[in-house]
Amino acid sequence: MTPADHKAVGELMGAYFEGLHQADSTMLREIFHPQLAYVCATEGDELYLDLETYMTRVDGREPPAKRGDPREEETLEIAFASNRLAHVSARMTMMGRDFHDLLTLVRHGTEWRIVAKVFSYAPRKD
């Protein structure tokens, strides 16, 4: 893939982490595909949502930034399968949990968008 693709996905991930930290559904809507599949794969808490249901949940939560939670996040891997398909592995901590996200990105027009967010979490061990 081109350097521009790598840069675009890196910027998308920055917006992803910031949007989650701020619980900003407006920002997150800019990076999620309208047909988003949101899947929690944590045993005992399996969950399957669409974009609108997920954004309602985001709007209803207290932003980690407002609670004073520190930002702890990392993009672990970015892999391009084609000029229209990419995969990102990321980890972050928020709301007392350690999350591991597997994100599938597709081109939506000229932009990269997250079409699938599949994740699991474990309670944070402090």
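Reader: What is the volume of the second largest pocket?
Author: The model is predicted. In it, the second largest pocket has a volume of about 150 Å³.

Reader: Which element gives the largest share of the lining of the second largest pocket?
Author: Helix H1 (3-22) does, with six residues. Strand S6 also gives two or more residues. Among the lining residues are Ala 4, Leu 12, Arg 107 and Trp 112.

Reader: What makes Trp 112 count as nonpolar and Arg 107 as charged?
Author: Trp is on the nonpolar list and Arg is on the charged list, so the two residues take those classes. By class, this lining has six nonpolar, one polar and five charged residues.

Reader: How is the lining of the largest pocket made up by class?
Author: The largest pocket has a volume of about 230 Å³. Among the residues closest to its centre are Tyr 38, Arg 61 and Phe 119. Its lining has 11 nonpolar, no polar and six charged residues. Strand S4 is one of the elements that give two or more residues to this lining.

Reader: Where does Ser 89 lie?
Author: Ser 89 lies in strand S4, residues 85-94.

Reader: Why is Ser 89 called buried?
Author: Its relative accessibility is 8%. Buried means under 20%, so Ser 89 counts as buried.

Reader: How do you know that the side chains of Ser 89 and His 100 make a polar contact?
Author: The value is 2.8 Å. The cut-off for a polar contact is 3.5 Å, so the pair lies within it. Ser 89 also touches other residues, including Glu 74, Leu 76 and Asp 101.

Notes
Residues numbered from 1 in each chain as written. Predicted model: local features only at pLDDT ≥ 70, side-chain atom pairs only at ≥ 80, totals over all residues. Heavy atoms only, no water. Helix = DSSP H or I, 4+ residues; strand = E, 2+ residues; numbered from the N terminus. Buried < 20%, exposed > 50% of the residue type's maximum accessible area, 1.4 Å probe, protein only. Polar contact = N/O pair within 3.5 Å; in protein donor to acceptor, adjacent residues only side chain to side chain. Contact = heavy atoms within 4.5 Å. 1 Å grid on protein atoms, 1.4 Å probe; cavity = no way out; pocket = protein on both sides within 12 Å on 5 of 7 lines; lining within 4 Å. Points joined across faces, edges and corners; volume = space filled by probe spheres on them. Lists of a residue's contacts leave out its neighbours within four places in sequence.
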